[in-house]
Amino acid sequence: MEFLPTLWFILIAVLWIGYLFLEGFDLGVGMLFKSFAKNERDRRVMLNTIGPVWDGNEVWLLTAGGATFAAFPNWYAALFSGLYLPLTLALLALILRGVSIEYRGKTNSTRGRAFWDWCMAGGSFLAAFCVGAMLALTSTGLPLDAHGNRVGHAFVWLNGYAVLGGLAVVLFSYVHGLTFVALKTDGDIRQRAEARLARMLPWALIPVAAWAVVVVVGTGTTWAWAPLVLAVVGALAATFFAFKRREGWTFISLGATLVTGVAAIFGSLFPNVLPSTVDPAFNLTIYNASSTENTLLIMSIVAAIGVPITLAYQSYTYWVFRKRISAHHIPPQHFVTSVV
């Protein structure tokens, strides 16, 4: 077993965990704009919970994609060409979501604000679904030939596994967003978030569990059952704490569920990075998809310096903006009128 390719396979899994955990809750908050918020003040409270951190959370996605490109160029090429359409939709959804965050407060009309709210909710949903579909297909396989090229039409990726992964990330993000709103707010919006979370959490994690079980059973990796069992324990703990209205412990338990669930999925996948559904002989692995040893060594040195710095400043950001927000913190809305 080669050390550096294995190390970077693990690091890429860690980057995806970071993205799903951090970006997961602000995608969930975005979806809550139209399905949970009762009025403009609710939306402004929720927007202020993610305002200082949402763009920093997206760094994890960029880093995961960049690390894949540099460490496993053949994996990157096959994945991004084979899933060109869903990845393009995810990118457009993230752009639309970011624009809506910036522009919704710059319109004076109720209709204009409603438009950007729908962009926020729709962009968050579409981004979560497409990312989930891509990760599910990474773990279950694509129709690849001996050269790593996709076999079939442009929608050959759209199958049951893609839908399962998409729903898994959407529902996880939704309940994760509810947990974050309950953790970061106070007053009526907190109470409503806690109540909805307690109702939704038990069944919202079912698609995630089904995805992990499908991968572990399909690959026949025995040891991966251990983290999968821990993921189930984490989900049960999150459900228990949600009913007890202990949003902090619910948040931590969801994080533990995510870490162990992703460990089970990526652990079952190893040493493959992208299985071929055409012929197992065409599977992309850490051995035939990785960069040279010198490239991986230089990347490891840079990561050893850059990752702690990134973690430090992002942790500091969360610490600075750690206090709860409630409706009375939101100033009355005002409109800018043009002067002729």
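**Exercise 1. How many of the 11 residues of helix α2 (residues 40-50) are buried?**

Before you start: this is a predicted model, where local features need pLDDT of at least 70 and side-chain atom pairs count only at pLDDT 80 or more, while totals for chains, interfaces and linings use all residues. Residues are numbered from 1 along each chain as its sequence is written, and side-chain values use heavy atoms, with hydrogens and water left out.

*Solution.* Start with the terms. Buried means under 20% relative accessible area, exposed over 50%, and partly exposed in between (1.4 Å probe, protein chains only). Helices (H or I, at least four residues) and strands (E, at least two) are DSSP runs, numbered from the N terminus.

Next, pick out the residues: Glu40, Asp42, Arg43, Arg44, Val45, Met46, Leu47, Thr49 and Ile50 are the buried ones. That makes nine of the 11, so α2 is largely enclosed by the rest of the structure.

Then look at what surrounds them. The buried residues of α2 pack against α1 (3-35), α3 (54-57), α6 (84-103), α7 (110-140), α8 (160-184) and α9 (188-204).

**Exercise 2. Work out how α8 and helix α12 (residues 247-269) pack.**

*Solution.* Two packed helices are described by the angle between their axes and the distance between the axes. Here the angle is about 150° and the axes are 9 Å apart. Axes are lines fitted to C-alpha atoms, for helices over the stretch in contact, with angles running from 0 to 180 degrees between N-to-C directions.

Now classify the angle: under 35 degrees counts as roughly parallel, over 145 as roughly antiparallel, 65 to 115 as roughly perpendicular and the rest as oblique. α8 and α12 are therefore roughly antiparallel to each other.

Finally, find the contact (heavy atoms within 4.5 Å). On the α8 side, look for Phe172, Val175, His176, Thr179, Phe180, Ala182 and Leu183; α12 brings Glu247, Gly248, Thr250, Phe251, Leu254 and Leu258.

**Exercise 3. Which residues of α9 and α11 make the contact?**

*Solution.* Leu197, Ala198, Leu201 and Pro202 of α9 meet Ala238, Thr239, Ala242 and Phe243 of α11.
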